[in-house]
Amino acid sequence: MNDAPALIQQLQSTHAAASIDDAASFERLTDPIVRLTEALHAGYQASIQEQLRSMIAKLQAQAILSPGDLSTLESFIVGDAEAYTRLENNFQDWVGELTRLVGVLGGMSNTLQGSGWLDALGEVEDAHRVLNDICNYLQQKDRITRFRKTIAAGLTPERTQTKSTHSLAGSNSLVQVVLWDGGTAHASETSAKMDKDQKNRTAHEAARLVPAK
């Protein structure tokens, strides 16, 4: 049984107890958020398990995947990125704030003396935080773009998998789907390379649908 609902309640309770005068009270939100992330990934993966098994059987038989299969594959591999970029509504605010902060720093460049050094550090700290948000958003969009380019390059049984064809199925391909990295799946060596920049994220191998041969 998935414990996501209980974890949401725990998150609500922990958040309600947080105080702006107590940094540790906000730090205590980290654990329920991490556990909720894992539970949500697991819940979604379980909900499409049968579709995945059907898709894997088609790949092993070197059959062409249907549009529905490709949609399932996309949701399994980059669905988290698609949902995040679709629901996030602060991106333009971050871009505007970074522009403002860079402008402020530009105005301070000729007055760096005394406490001005520290004021500049304060602005840089703020810029660093906003930049992280911007980069994370753009990286998630890039994950989606790279996946779709891989699919567009050809997902047919006639094409053998090489570094240049980007095919996920073929006579030489190793069909393997792993629930990995909190929701990132790898259906071949090629798709694994697509997400190599995500390997520093919290990894959580939940299950292996098809054993490697």
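What follows is a short chat about reading this predicted model.

Me: What should I know about the model before I start?
Reply: It's predicted, so local features need pLDDT of at least 70, side-chain atom pairs count only at pLDDT 80 or more, and totals for chains, interfaces and linings use all residues. Residues are numbered from 1 along each chain as its sequence is written, and side-chain values use heavy atoms, with hydrogens and water left out.

Me: Is Gln-9 buried or exposed?
Reply: Buried means under 20% relative accessible area, exposed over 50%, and partly exposed in between (1.4 Å probe, protein chains only). Gln-9 has 53%, so Gln-9 is exposed.

Me: Which residues touch the most other members of the largest nonpolar core?
Reply: A nonpolar core is a set of buried Ala, Val, Leu, Ile, Met, Phe, Trp, Tyr and Cys residues joined through side-chain atoms within 4.5 Å. Here the largest has 13 residues, and Leu-52, Met-55, Leu-73, Ile-77, Val-78 and Phe-147 touch the most other members.

Me: And which helices give two or more residues to this core?
Reply: Helices are DSSP runs (H or I, at least four residues), numbered from the N terminus. For this core they're H4 (49–60), H5 (67–87) and H7 (116–152), with the largest share, 5 residues, coming from H5.

Me: What does Val-78 touch?
Reply: Contact means heavy atoms within 4.5 Å. Leaving out residues up to four places away in sequence, Val-78 touches Arg-143, Ile-144 and Phe-147.
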